[in-house]
Amino acid sequence: MGRWIEPRLIAISDECYPDALHWDGPSCYELGSLGYRERYIRWHYVGETGNERRRIKGYATHGSHKADRIDEILAEGRKLYFHSYKCATKEQAVLMQNKRLAYHNYPWNRMLNGDTW
């Protein structure tokens, strides 16, 4: 625990990469995308989960509750990435998520930031 992992590619077009997922415990995570000519990942969403592997695999395979937005960025030729912060408990993951939401404006988050996508 204690630091954000490096961003990992989880989907391109209709391909997903579940091998990028290694943690079955609680975490705070960000989803982002990177276009062909861009140098930096754009972070669109922050969330928390009790099981990182299951949650991120859901985004990579069927989009979960963000399917429309994920499908849109993948159709544009962008790649979907995530990175995460491992937590000891789900409660710690919620606290980390709320701190991130208070500091950053994530366009896919409705909570605190509004839906600005």
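Author: We take strands, aromatic pairs and salt bridges in turn.
Author: This is a predicted model: local features need pLDDT of at least 70, side-chain atom pairs count only at pLDDT 80 or more, and totals for chains, interfaces and linings use all residues. Residues are numbered from 1 along each chain as its sequence is written, and side-chain values use heavy atoms, with hydrogens and water left out.

Reader: Is strand E3 buried or exposed?

Author: In a regular strand the side chains alternate between the two faces of the sheet. Helices (H or I, at least four residues) and strands (E, at least two) are DSSP runs, numbered from the N terminus. Buried means under 20% relative accessible area, exposed over 50%, and partly exposed in between (1.4 Å probe, protein chains only). Eight of the eight residues of E3 are buried, so the rest of the structure largely encloses E3. One side carries Ser27, Tyr29, Leu31 and Ser33. The other carries Cys28, Glu30, Gly32 and Leu34.

Reader: Which strands pair with E3?

Author: Two strands pair if DSSP finds at least two bridges between them. E3 and E4 are antiparallel, with seven bridges. Gly32 has Trp43 as its bridge partner in E4. E3 and E5 (residues 79-86) also run antiparallel, joined by eight bridges. There, Tyr29 stands opposite Ser84.

Reader: How many aromatic pairs are there?

Author: A pair of aromatic rings is described by the distance of the centres and the angle of the planes. Rings of Phe, Tyr and Trp (its six-membered ring) pair if their centres lie within 6.5 Å; planes under 30 degrees apart count as stacked, over 60 as edge-to-face and the rest as tilted. The whole structure holds four such pairs. Tyr29 and Tyr59 have ring centres 5.8 Å apart and planes at 55°, so this pair is tilted. Tyr29 lies in strand E3 and Tyr59 in helix H1 (residues 52-62), so the pair ties together parts 30 residues apart in sequence. Tyr45 and Tyr59 are edge-to-face, at 6.3 Å and 70°. Ring pairs link Tyr29, Tyr45 and Tyr59 into a cluster.

Reader: What does Glu30 form a salt bridge with?

Author: A salt bridge is a side-chain nitrogen of Lys or Arg within 4 Å of a carboxyl oxygen of Asp or Glu. Glu30 bonds in this way with Arg100, the closest N and O atoms being 3.0 Å apart. Arg100 sits in helix H3 (residues 90-103), 70 residues from Glu30. Glu30 is buried, at 2% relative accessibility.
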